[in-house]
Amino acid sequence: MNTPSHINHGLWTHPGNRRHEYTDIGYWLDTARLLERGLFDALFLADVVGTYDVYAGSRDPAIERGIQSPNNDPFLVVPAMAAVTEHLGFAVTFTTTYEPPFGNARRSSTLDHLTRGRVAWNVVTGYLPDAARNYGLDAAVRHDDRYDLAEEFLEVSYKLWEGSWEDDAVERDREHRRYSDPAKVHEIGHRDTTGYLVHFGGGTGIDLAAHGAEEYIEYRGLGHVESSERSFADHRTRQIIDHFASPERSSFLVIGSVEQVADRIEAIAEETGVDGFNLIQYLSPGTFEDFIDLVVPELQRRGRYRTAYRPGESLRERLGADGARLPGTHPAAAHRRHAPAGTGPATGAAAGAATAAVG
């Protein structure tokens with residue numbers, strides 16, 4: 001996260017930790033180079049657009065301790081990191097709840113071109129109450145309503161990426177002074193209002209057809225952290241505190257010699273069927289350096305880790321897809337115009353056309 005403290009809070013004070021340098025572009029360039037040396041798939045950037053204000057009824061504890069605050073835009077560090085790497089991917093978090101789809105579609109498409117297919121979008125709906133207030137809403141958007149919004153947001157995104165510019169719309173014909181073919185650029189014409197209101201009613205129990213256009217509607221019901229509330233139901237406060245105070249209890253925390261760490265990684269992969277891991281930092285860059293210099297060679301020796309990147313591979317292909325484009329079975333493919341499944345990226349297309357790993 002583009003912030004001084006993420007997941008392992010408080011460790012920004014450690015003398016060996018550079019997390020407090022998150023506003024310095026040099027920190028991100030060094031991190032990107034390090035991860036590419038370690039042959040990582042991608043750097044994953046989480047994000048929130050609000051502050052944590054539930055504990056003690058205030059945001060002050062989070063602000064005082066630098067707990068995901070201040071928090072800068074994750075998108076803006078990607079181009080610089082992409083410029084000093086050739087293969088490393090970048091997965092960026094963006095919430096579907098508070099902004100129209102076009103802005104995100106344009107940003108993602110631009111990054112997709114600039115990184116040559118090395119960017120992915122981590123789709124979230126957001127959950128912090130003051131995130132809603134940051135975008136002018138009086139109250140947090142309820143859980144079910146956020147997911148209804150996300151469904152439509154994705155549909156609009158698919159239409160923009162796959163249906164607005166045809167793959168050969170950009171001609172770059174200097175002789176005839178013709179850059180693009182207007183006949184191959186399309187308005188998506190998105191209108192799913194009645195459908196959305198049906199979804200809204202199903203999630204909230206509120207029938208907007210029965211209310212006047214100027215009537216105020218009060219949100220009631222699901223909390224913004226409903227899933228967390230369920231997971232900790234019927235627990236004493238002390239049990240919850242102990243859960244977070246003892247990270248070593250996590251089955252995914254691995255401590256030991258190089259061989260022991262490699263053994264545990266192999267065991268988790270075999271027992272669960274996962275085909276990848278999200279490595280969490282304790283110290284930056286120390287955690288990555290230890291893993292890359294010590295554990296990666298052992299995993300390579302066991303045939304569990306790549307020994308080189310494949311030239312020209314998009315992030316989508318690296319993660320197992322057959323081809324750089326979305327497959328024909330993906331819902332977005334239904335909005336594609338004159339582009340057979342499995343065709344290569346339309347590298348000449350303007351912002352608005354999807355070309356590779358975008359979600």
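E270 and R304 pair through their side chains in a salt bridge, with 2.5 Å from N to O; the term stands for a side-chain nitrogen of Lys or Arg within 4 Å of a carboxyl oxygen of Asp or Glu. E270 sits in helix α10 (residues 258-272) and R304 in the loop between α11 (286-301) and α12 (315-318), so this pair ties together parts that are 34 residues apart in sequence. Helices here are DSSP runs of H or I with at least four residues, numbered from the N terminus. The model is predicted: local features need pLDDT of at least 70, side-chain atom pairs count only at pLDDT 80 or more, and totals for chains, interfaces and linings use all residues. Residues are numbered from 1 along each chain as its sequence is written, and side-chain values use heavy atoms, leaving out hydrogens and water.

**Around E270 and R304**
- E270 is exposed at 55% relative accessibility, while R304 is partly exposed at 39%; buried means under 20% relative accessible area, exposed over 50%, and partly exposed in between (1.4 Å probe, protein chains only).
- Both residues belong to a network of salt bridges that links D263, E266, E270, E298, R301, R302 and R304.

**Two other pairs to look for**
- D181 and R178 form a salt bridge whose closest N and O atoms are 2.9 Å apart.
- In that pair, D181 is buried with a relative accessible area of 11%, whereas R178 is partly exposed at 32%.
- R264 and E271 also meet through their side chains in a salt bridge, at 3.9 Å from N to O.
- Here R264 is partly exposed at 28% relative accessibility, and E271 is exposed at 61%.

**The overall count**
- By this rule, the count comes to 23 salt bridges.

Methods:
Helices (H or I, at least four residues) and strands (E, at least two) are DSSP runs, numbered from the N terminus.
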